[in-house]
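I opened this notebook to record what I looked up, step by step. The entries follow the order in which I consulted the model.

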Amino acid sequence: MPKPDDPLADIYHEWRQQLFTCALAITRCQARAEDAIQQAFYQMFRRDDRPNHLKAYVFRVVRNAALDQLRRHEAPSQPLSEFIFDPRVGPDESAEMRECRQRVIVGLLGLNIDERETIVQHVYGGLTFQEISDVREVPRGTVVSWYRRGLQKLRETWEQVNGPV
Amino acid sequence: MDPSESLESQLRSLPLRPPSQHLDERVLASRPQPIGAIWSGRQIPLWAAVSVSLLMLIAGVFVGRSVRTVLPDAMGTVAGAGNHTRINLLAEDSSRPPDGTVGLHTRPAGNPFDLTQTAVEFITSPDRAVVQISEGNDL
């Protein structure tokens, strides 16, 4: 069992769902997203020079591993139709909620890669704009711009179907 | 409420696909284990350690005794396995080494790997030397 005071293990336990979601948004394949996370932590556990801001560092290494998975393998022949969302239907999930989820998926997949990844990292990954800037090594203003533009496109898609938000 | 916040809250309300249960094991197992940790928590019971030690002691005694019975004694005979001589001296009067210093100890066959024959040259006087040739399996 890992030492409970290992900061990397703590980060994993605290952010595993968010890390998985961000990796899944890149690979569009559950197995490859998990491979990327394992590969990233395998590397990080063996490095002694860890930066002070561990959370952004972990997200960056996992993202790089996911991109590496994408480069090394062909795109999945059948990418997950539910994207990053849980395909299991809960007992209290209404038809309206399912439709809402489907529209979000269509809207997210209609964005360009930068906008989509920024929205996933901020909304589902729990990263601040500054952390996204650190993870992707781009200026914070660029990140904010991607996010606002992506959200605007999503809102327009949404309003075309459901009316004003 | 700000339209952006409203949309964000709707996005956040959607349940996410969870990772598989094996991911935790895979990630945490990828940690390098210090050597000491391999044995930590694996204490060997005292009775098992004592039993193994006793077995090794008994086995050692038996192996030692069996090995000792086939070794030739100082006279070239095999103790406990009959009184036949394993080292046959070619010369009848050479049962004991001649008086004198050993001048040369060689392999008379010329083959340094032939361990069945040996020749010892004893220098008995300034103008005389006796060569004793022996053959056998334990030279």
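Entry 1, fold. I note at the outset that the model is predicted. I looked up the secondary structure of chain A and found seven helices and zero strands. Read from the N terminus, the order of elements is α-α-α-α-α-α-α. I then checked burial: 49% of the 165 residues in chain A are buried. For contacts in chain A with a separation of 6 or more, I recorded that 65% join residues 24 or more positions apart.

I looked up the packing of helix H3 (residues 54-72) of chain A on helix H6 (residues 129-136) of chain A; the angle is about 45° and the axes lie 8 Å apart. H3(A) and H6(A) are therefore oblique to each other. Their crossing is right-handed. On the H3(A) side I listed Lys55(A), Ala56(A), Phe59(A), Arg60(A) and Arg63(A), which meet Glu131(A), Asp134(A), Val135(A) and Arg136(A) of H6(A). By class, this contact of H3(A) with H6(A) holds three nonpolar, no polar and six charged residues.

I turned to helix H5 (residues 113-124) of chain A, which packs with H6(A) at about 125°, the axes being 10 Å apart. H5(A) and H6(A) are therefore oblique to each other, and their crossing is right-handed. From H5(A), Asp114(A), Glu117(A), Thr118(A), Gln121(A) and His122(A) meet Phe129(A), Ile132(A), Val135(A) and Arg136(A) in H6(A). I sorted the residues of this contact into three nonpolar, three polar and three charged.

I asked which residues have the most contacts inside the largest nonpolar core. Within its 58 residues, they are Ile37(A), Phe41(A), Val58(A), Ile84(A), Phe85(A), Ile119(A) and Tyr124(A). Helix H1 (residues 7-27) of chain A gives the most to this core, with 12 residues.

I listed the contacts of Tyr124(A), leaving aside neighbours within four places in sequence. In chain A they are Gln18(A), Thr21(A), Ile84(A), Phe85(A), Val104(A) and Ile119(A). In chain B they are Leu11(B), Arg12(B), Leu14(B) and Leu16(B).

I located Asp86(A) in the loop between H3 and helix H4 (95-109) of chain A. Is Asp86(A) buried or exposed? Its relative accessibility is 10%, and the cut-off for burial is under 20%, so Asp86(A) counts as buried. Beyond neighbours within four places in sequence, Asp86(A) is in contact with Arg101(A), Pro15(B), Leu16(B), Arg17(B) and Pro18(B).

Terms used: Residues numbered from 1 in each chain as written. Chains lettered and ligands numbered in written order. Predicted model: local features only at pLDDT ≥ 70, side-chain atom pairs only at ≥ 80, totals over all residues. Heavy atoms only, no water. Axes fitted to C-alpha atoms, helices over the stretch in contact; angles between N-to-C directions. Helix = DSSP H or I, 4+ residues; strand = E, 2+ residues; numbered from the N terminus. Parallel < 35°, antiparallel > 145°, perpendicular 65-115°, else oblique. Left-handed = near helix turned anticlockwise from the far one by under 90°. Contact = heavy atoms within 4.5 Å. Nonpolar A, V, L, I, M, F, W, Y, C, P; charged D, E, K, R; others polar. Core = buried A, V, L, I, M, F, W, Y, C linked by side-chain atoms within 4.5 Å. Buried < 20%, exposed > 50% of the residue type's maximum accessible area, 1.4 Å probe, protein only.
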